[in-house]
Amino acid sequence: MIATHAGIDIRKTNDSRIHEVDWANLGFGKTFSDHMVVIEYSDGAWKRPSIAPYGPIPFSPAISALHYGQAIFEGLKAYKNERNEVYVFRPEKNAERLNVSATRMCMPNLPVETFVESLRALVQLDADWIPRGEGESLYIRPHMFAVDEFVGVRPSETYMFVIFSCPVGKYYTNELRVRIEDKYTRAVKGGTGHAKAAGNYGASLFPTQIAKDAGFDQILWTDSQEHAYFEESGTMNVVFQSGNTILTPMLSDSILNGVTRDSVLQIGRDMGYTVEERKISVAEIVALMREGKLDTAFGVGTAATIAPIRSITYGTEEFTLKSQTPEDFPMKAADHLDLLKRGLLDDPHHWNLRIL
Ligand code: COI
C-alpha cells in the first residue's frame, strides 16, 4: 500500500523483521531496519522521494559507481530516551557535507531539506528499531551513487540516493592500540580526503589490514608529503589533550570535516578548555609522550563516538597512555554528548532535531 507523507511516497513492509533481531548482540552494521529511502536523479532533477521495504536494488553490472567510484556516503545516528522521545543529531551538517562530497565527485547536490525530511520520515517509520541501551542507537547511512549504464569515463547522468538504517551497539568496545603510519597515505593534497567518498575507505583497507595483522586496532594517518603531520585516524578524526589544551589537526582538503569533531571541540570550549586546531607534528606528540605530558588521545566520529586511545606506536617504540577515567576530558565529553543526543541536557547550540 502506498501512503504519502510530506511529499514522500511510502510503501510499508507487510513482513517486519524486527522480531528476528538479537538485541543483546547488536554489534555494528549487520542488522538492517525494515525500510529505506530511495530517490532517483535523472534529466537534471531529483524525483519524488519514496520509502520502500529494505532490500536489494537490481542494477546493471555496468553502472559507473562500480567502475569509476562515483559513490559517497554519510553517517549519523538517532537516539531514543526513556520517555521514548527520538532525536537525530545535527542532520543538516551531514546534508551539507554530502553536498561537499558530491561537488568534489562531480555528482548532483541534494537539497538539504530533501535529505532531512526523507530521513525524518524513515526514522519515524522505523522508530521501534531504535535501541535505548548504553552505547546504542540507530545508525543511519545516507549514500549516493552513479547508475549510468555506460563504460566511458565521464560523470554519470543518473544517480540514486538511498538511506538505510541499522540498530547498533558500540563500534569500538576497547581502548585502542594505534600505530602512526609512515609509509602509506590515506589522502593527498588536492585529492578527495575531505569528501566522504567510498574510494577513500577502500584505499585505507590494505594499510589498515597490515596494522591489524601486527596487533593494532587502527592507524594514525600522517600527511602524504613528509609523513610528519597528523591527519586523522581510520574511521574518525583524532584529538590529543595536554593539560587544559585540546589539540587537533586543522581541517584541510585531506581531512574529513567530522560532525563529532566539531561538536567535541565546541563542548571542550564550553567546558573551559583551550582548543587548538592547527598542524600537529608527530615530533610534537612524541615529545609530549616522552615527557609524560600527553594526558589523553582519542578518536571522534559518528560511528566511533569518542574512542579512547590506550597506546601510540611510532616506529618500534610504543607509548602507553594512562587509562582514561571519568574525570578526563574524553569521558566527560562522551557523557555530555550522550545525554545531549538523548535530549536529556540543555542544547544551547540547537544541535538536536526532535523526530518523535
Ligand atoms: C561514521 O562514523 O559514520 C563513518 O562513516 C565511519 C565509518 C563507519 C566508515
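Which polar side-chain atom lies 2.8 Å from an oxygen atom of the ligand? One of Lys196 does. The notes below concern a predicted model.

1. Thr302 uses its backbone instead: an N or O atom lies 3.4 Å from a ligand oxygen. On its own the ligand has 280 Å² of accessible area, and the protein covers 90% of that.

2. **The shell.** The residues around the ligand are Phe73, Gly75, Tyr139, Arg141, Tyr171, Lys196, Tyr201, Thr235, Thr302 and Ala303. By class, five are nonpolar, three polar and two charged.

3. **Placement.** The chain splits into domain 1 (2–168) and domain 2 (176–341). The ligand lies between them, because both domains give residues to its shell.

4. **Domain contact.** The domain centres, taken over C-alpha atoms, are 27 Å apart. Domain 1 brings 20 residues to the contact and domain 2 brings 22. About 1,800 Å² is buried between the two domains, and carbon and sulfur atoms give 63% of this area. On the domain 1 side, Phe73, Phe89 and Arg97 lose the most area to domain 2; together they account for 33% of what that side buries. Phe73 also belongs to the ligand shell.

5. **Polar links across the interface.** Twelve residue pairs are in polar contact between the domains, both residues at pLDDT 80 or more. The salt bridge count between domain 1 and domain 2 is one. The side chains of Asp262 and Arg90 form a salt bridge, at 2.9 Å from N to O.

Methods: Residues numbered from 1 in each chain as written. Predicted model: local features only at pLDDT ≥ 70, side-chain atom pairs only at ≥ 80, totals over all residues. Heavy atoms only, no water. Near = heavy atom within 4 Å. Polar contact = N/O pair within 3.5 Å; in protein donor to acceptor, adjacent residues only side chain to side chain. Areas by Shrake-Rupley, 256 points an atom, 1.4 Å probe, with all protein chains shown as cover. Nonpolar A, V, L, I, M, F, W, Y, C, P; charged D, E, K, R; others polar. Domains from an automatic or database assignment. Contact = heavy atoms within 4.5 Å. Buried area = accessible area lost by both parts, 1.4 Å probe. Salt bridge = Lys/Arg side-chain N within 4 Å of Asp/Glu carboxyl O.
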